[in-house]
Amino acid sequence: MPSAPSALLLTCDGQLVEIDLPTDTTEEGSDARGAVLRATLRCDRFDVVALTTQWDMWIDDEGLFNHPVNPYATALARRFGFVHQRYHGPVLLTGGADAEGYTLPLLRDQMVGLFITLSAS
């Protein structure tokens, strides 16, 4: 049985793509996760915006210089009070962090909540 995807890629044209993001609880997992993040976001450096305690948005740290504005990511961030900037390029949406700071996967109910939030934006 296939595993549920752990993240959603939100492109600049509003497409949502399910991504299986490796866990980051080991050094190997952290390296693999970083490689997937860099490839998915098409960047060298990435950063995270904690939209809520349950949802994180991973972005290209230099997206302003490398990608066009992502109006969908910008609208999503604004729904959670991040009104100070526009977000550029594809973004990856995951669950928040656990008590040790490790990235949690998006659960199905969280994905449904994101779909509802995105459609209302």
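User: Why does Ala97 count as partly exposed?

Analyst: The model is predicted: local features need pLDDT of at least 70, side-chain atom pairs count only at pLDDT 80 or more, and totals for chains, interfaces and linings use all residues. Residues are numbered from 1 along each chain as its sequence is written, and side-chain values use heavy atoms, with hydrogens and water left out. For Ala97, the relative accessibility is 42%. A residue is buried under 20% relative accessible area, exposed over 50%, and partly exposed in between (1.4 Å probe, protein chains only). The value of 42% therefore makes Ala97 partly exposed.

User: Where is Ala97, and what makes a residue its contact?

Analyst: Ala97 sits in the loop between E5 and H4. Contact means heavy atoms within 4.5 Å. Apart from neighbours within four places in sequence, Ala97 is in contact with Thr53, Asp56, Tyr102 and Leu104. For Ala97 and Asp61, which are 36 residues apart in sequence, the C-alpha atoms are 19 Å apart in space.

User: What are E5 and H4, and how do you know where Leu104 lies?

Analyst: Helices (H or I, at least four residues) and strands (E, at least two) are DSSP runs, numbered from the N terminus. Strand E5 covers 91–95 and helix H4 covers 108–120, with Leu104 in the loop between them. The protein chain has four helices and five strands, and their pattern along the sequence is β-β-α-β-β-α-α-β-α.

User: Which class does Leu104 belong to, buried, partly exposed or exposed?

Analyst: Its relative accessible area is 37%, so Leu104 is partly exposed. Not counting residues up to four places away in sequence, Leu104 touches Thr94, Gly95, Gly96, Ala97 and Asp98.

User: Why is Leu106 called buried?

Analyst: Leu106 is also in the loop between E5 and H4. Its relative accessible area is 4%, and therefore Leu106 is buried.

User: What makes Ser6 a buried residue, and what does its side chain reach?

Analyst: Ser6 lies in the segment before strand E1 (7–10). Its relative accessibility is 8%, so Ser6 counts as buried. A polar contact is a pair of N or O atoms within 3.5 Å; within protein, one must be able to donate a hydrogen and the other to accept it, and residues adjacent in sequence count only if both atoms are side-chain atoms. A polar atom of the Ser6 side chain lies 2.7 Å from the backbone nitrogen of Leu21. Beyond four places in sequence, Ser6 touches several residues, among them Ile19, Leu93 and Leu106.

User: How do you know that Asn70 is buried, and which backbone oxygen does its side chain reach?

Analyst: The relative accessibility of Asn70 is 0%, so Asn70 counts as buried. Asn70 is placed in the loop between helix H2 (63–66) and helix H3 (71–79). Its side chain reaches the backbone oxygen of Gly89 at 2.9 Å. The residues touched by Asn70, leaving out those up to four places away, include Leu10, Cys12 and Val91.

User: Why is Val91 called buried, and how far is it from Cys12?

Analyst: Val91, in strand E5, has a relative accessible area of 0% and is therefore buried. Val91 and Cys12 are 79 residues apart in sequence, and their C-alpha atoms are 8.5 Å apart in space. Among the contacts of Val91, with neighbours within four places left aside, are Leu8, Leu41, Trp58 and Asn70.

User: How do you know that the radius of gyration agrees with a compact globule?

Analyst: The radius of gyration is taken over C-alpha atoms, and the globule rule is 2.2 Å times the number of residues to the power 0.38. For 121 residues, a compact globule would have a value near 14 Å; the protein chain has 13 Å, so the two agree. Of these 121 residues, 41% count as buried.
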